[in-house]
Amino acid sequence: MQSLLPAIQILLTGLGIGESPRWHEGRLWFCNWGKQEVVAVDLKGKSEVMVRMPTPAFPFCIDWLPDGRLLIVSGPERLLLRREADGSLVTHADLQALSQLPCNDIVVDGRGNVYINAGGVARSDQKPSGIIVLVTPDGSARPVAEGLAWPNGMAVTADNSTLIVAESFGKKLTAFDIAADGSLSNRRVWADLGEGVPDGICIDADNAVWYADVPNKRCVRVREGGEVLQTINVDRGCFACTLGGAKKRTLFIMAAEWHGFEKMMDGLGTGQVLTVKAPVRGVGWP
């Protein structure tokens, strides 16, 4: 049975399309698609542009290395960029030889291993071709999973033992065991979502996963196996979500109007950051 949640609050408006929300050093950081920015906002709604990306770089998603340096995935270029102390951007890893498809999401686990995925088509006449790439602390990169139906949001459990990835076109959450060297194995369906289309995800302390859903305009909390615990319905597509704030008990939702890939830019300016008090605190990575 689903439990009731407090009312949704609007923290920030007027964004392009917000993606890759991350709670970091007391603020919510995210990518502002369409404006080539990485933005941080505090709990009072005061925002600051932290990085402006030069063309043709496009900030798809972000996370941090254990030493505190910011990583930015420039999706179309298939480059993992690193921001240095002086604000300059350098190439941390070049993924062009590993995938011909744009990179999509990133998560850095507690060991400093970086996982990046790249979307793959999932038409009935073509096998899913999405991949997950591992970038180890020494900077080397290699594929560790393939055949995913448009991989999207990813999260790693607090004990660094399991990676969960949203397969948007597969309408499911898929889990992998993480080996000591960062390799992935024991691929399995963590939750069949029925008509759910998962985008960004995060994990809470009850080992439940929140997933954002663009076409169904909602965020949903599910247990392993697919039981729905809570659903938050909004008036526009939900692209990503994360748990942060005091004791990581606030769910932040990145929402915007969505008019399909061909008219993606029509939604610019409708982006919002929404908040709702969560029943359980966030854990894991990011």
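Cys-103 stands opposite Ala-118 in β11. This is a predicted model, in which local features need pLDDT of at least 70, side-chain atom pairs count only at pLDDT 80 or more, and totals for chains, interfaces and linings use all residues. Residues are numbered from 1 along each chain as its sequence is written, and side-chain values use heavy atoms, with hydrogens and water left out.

Strand β10 (residues 103-108) is largely enclosed by the rest of the structure because six of its six residues are buried. Buried means under 20% relative accessible area, with a 1.4 Å probe and protein chains only. Strands are DSSP runs of E, at least two residues long, numbered from the N terminus. β10 pairs with strand β11 (residues 114-118) in the antiparallel sense over four bridges; pairing requires that DSSP finds at least two bridges between two strands. The two form a hairpin with five residues between them, and Gly-112 in the turn has a positive phi of about 90°.

## Burial of β15

In strand β15 (residues 162-167), six of six residues are buried. In a regular strand the side chains alternate between the two faces of the sheet. Both faces of β15 are covered, with Thr-162, Ile-164 and Ala-166 on one side and Leu-163, Val-165 and Glu-167 on the other.

## Neighbours of β15

Strand β14 (residues 151-156) runs antiparallel to β15 and is joined to it by four bridges. Met-154 is opposite Val-165. Five residues separate β14 and β15 in their hairpin, where Asn-160 in the turn has a positive phi of about 60°.

Six bridges link β15 to the antiparallel strand β16 (residues 172-178), in which Leu-173 is the bridge partner of Ala-166. Their hairpin has four residues between the strands, and Lys-171 takes a positive phi near 55°.

Terms used: Buried < 20%, exposed > 50% of the residue type's maximum accessible area, 1.4 Å probe, protein only.
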